[in-house]
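I opened my notebook to go through this structure piece by piece. Here is what I looked up, in the order I got to it.

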Amino acid sequence: MTESKGIKPKLTLSDLYAEDVVYSARPSYISNPWLEPEEHQSNFLTGRELLISNELPVIVHEACVTEKLEHLFQLVDMPKPSHVLPFNSKESYEDLLRELAHEQGKKIYFQYVHDDDILEASYYALDKTTFVALNNKAKIPEWTTGRYLPKRAVVEVDQLKEEVRQWNFPYVLKPGDDLPTAGGYGVIIVYNEQELAEALQRIEAAQEQTDHMIIEEKVEAVANYCVQFACKKDGPIQYLGSAQQLTNDYGFYNGNENVAEVPEQVIEAGRRIMEVGVSKGFHGVAGFDLLVDEQGEVYAIDLNFRQNGSTDMLLLEPLLTQGYHKFFSYVAKKDNAHFYETIVKYVKKGVLYPLSYYDGEWFTDEFVGSRFGCIWHGRNKEEVEELETQFLKELERV
C-alpha cells in the first residue's frame, strides 16, 4: 500500500525498522496529569500512520479499520491496510502487547512510553531509557549541545511559585520530568496574574507525579517549524522536510501546513539535534519544533524523538496536488452519516486526502462522534481555505 498510480511516498516506516518490530501509536491507558487524552482520541491516533506504514505491522483500534476507511482509501487508489493488529479495549490492547512480545518475540516501537507493568523495557524496539531521556524537556540543552535555547530554568516544583516572581510575563511553563506530553497539552503559556494562579493550581494537582518544572522565555516568533528527519538503525540521516506549525496563543496544536522555503539555519539546527540523538542510539522519525524570531535567531522549544502529526503530510507529498497542503483532523458533532458523506464528497473532488477514519458507528451502546484525519491539498492556500470553509459549513447543515 505504498503507491498510487505508480507514485510512491518519500519513505515508509517499514524502510526504517527491522522485520520483528511492531508499531503502536496509542498513549497508554494509564494517563498522567500532562497527557490526558480522551479515550476515543487515543484510539483514533492508532490509525494515523496506516498509509505510511507499508509492511510494518501496526496496532490499530478496530473502529479505525472499518469498511468506511477502506472506501476512502479506494477513492485515492490506495488498497485496504493489510498489516494491522486490531484491539478493542484496554484489556485487549495490553494483552496484544504481551502476546506479541512474550509469545511471538516481537519488539514494540512505541509512540508514547508505557509503564513496565504493561510491558517490560526489554521489549522496546528503541531502548526505553534512551527514548524517555530524549523526550524529556528538561534535557533539551543536552540534545542541542547548549545551542538554540531561549532563557530557561529548571526548578523543583515546590520552588516554582517563588521562582516565577523573578520572571516577566509572558513566559512558558512545562513539566521537566520523564512523563510524556503531546499536542501542547503539557505546555502552559502565562500572560498575566490570573493565568499564573490557574497554572499554579493545575501544577499543584500534578505535584505527586511532577518533581520539576521548566520556566521558559516566550519567544516572539515569526515562524514556527516542525523540522523532521529519519534514520534507520546504523543508517544515514535523511531530511524529510519541514511543516509550519499551526498553534493558538496558548500553544495548543491546530495542525500543520507545508512551507515552500525553510531557512537553511533551521534545517541545519535540526540536523545537528538529530545527529546528537542518533549518537545516543535513536533511530526512527523525529520532529523538532524550532522557532525563528525577527532577528533570524533559531530556538528549539520542543524535541519530539518520535513521529509527528505532519509526518504523513511530508512523506505523502509526492501523491498530493502540487501547491498548498494542510494536515488537520475533524470530529463529528452529532450526525456520523452526514459527516462521512461530506468527507466522501470532498475526497472525490480531489482536494481532501484521507489518512484515518475512526468510525463512531462501530460503537452500538452510545453515540461516539466519528473522527477523520486528512490532508487538504490544492493549488494555493486561498483555494484550500475557501474549500475548507465550504466543508465546515456543510458539516453544520444537519
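**Entry 1: glutamate 94.** I started with glutamate 94, which sits in helix 4 (residues 90-103). The model is a predicted one, so I keep that in mind for each entry. Is glutamate 94 buried or exposed? Its relative accessible area is 8%, and buried means under 20%, so glutamate 94 is buried. Then I checked what glutamate 94 touches: leaving out residues up to four places away in sequence, I found Tyr29 and Ile118.

**Entry 2: helix 3.** Next I looked up helix 3 (residues 67-75), where the buried residues are Leu69, Leu72 and Phe73. They cover an arc of only 100° around the axis, so they end up on the same side of helix 3. That made me recall a rule: an α-helix has 3.6 residues a turn, so residues three or four places apart point the same way. What covers the buried residues of helix 3? I noted helix 2 (50-53), helix 11 (336-348), strand 15 (352-358) and strand 16 (371-378) among the elements that do. After helix 3 comes aspartate 77, and its phi is positive, near 60°.

Entry 3: Most residues other than glycine have a negative phi, and most peptide bonds are trans. Tyrosine 148 isn't a glycine, yet it has a positive phi of about 60°. I found tyrosine 148 in the loop between helix 6 (140-143) and strand 5 (152-156). With 15% relative accessibility, tyrosine 148 counts as buried.

Aspartate 234 also has a positive phi, near 65°. Aspartate 234 belongs to the loop between strand 9 (221-231) and strand 10 (237-247). Is aspartate 234 buried or exposed? Its relative accessibility is 79%, so aspartate 234 counts as exposed.

I looked up a peptide bond too: the one joining phenylalanine 169 and proline 170 is cis, with omega about -10°. Proline 170 is in the loop between helix 7 and strand 6.

**Entry 4: helix 8.** I checked the length of helix 8 (residues 193-205) against what its residue count predicts. At 1.5 Å a residue, its 13 residues should span 18 Å, and the end C-alpha atoms are 19 Å apart, which agrees. Which residues of helix 8 are buried? I listed Glu195, Leu196, Ala199, Leu200 and Ile203. Their arc around the axis is only 140°, which puts them on the same side of helix 8. Gln194, Gln201, Glu204 and Ala205 are exposed on the other side. The cover over the buried residues of helix 8 includes helix 7 (160-163), strand 6 (171-175), strand 7 (188-190) and strand 8 (212-217).

**Entry 5: domains.** Last, I zoomed out. The chain is divided into domain 1 (13-130), domain 2 (152-217), domain 3 (219-313) and domain 4 (321-393). I picked domain 1 and domain 3, whose centres, taken over C-alpha atoms, are 23 Å apart. Between them, 14 residues of domain 1 are in contact with 16 residues of domain 3. About 1300 Å² is buried between domain 1 and domain 3, and carbon and sulfur atoms give 52% of that.

Conventions:
Residues are numbered from 1 along each chain as its sequence is written. This is a predicted model: local features need pLDDT of at least 70, side-chain atom pairs count only at pLDDT 80 or more; totals for chains, interfaces and linings use all residues. Side-chain values use heavy atoms; hydrogens and water are left out. Helices (H or I, at least four residues) and strands (E, at least two) are DSSP runs, numbered from the N terminus. The expected span of a helix is 1.5 Å times one less than its number of residues. Buried means under 20% relative accessible area, exposed over 50%, partly exposed in between (1.4 Å probe, protein chains only). The arc is that of the directions from the helix axis to the C-beta atoms. Contact means heavy atoms within 4.5 Å. Domain bounds come from an automatic or database domain assignment. Buried area is the accessible area (1.4 Å probe) that two parts lose on being put together, summed over both.
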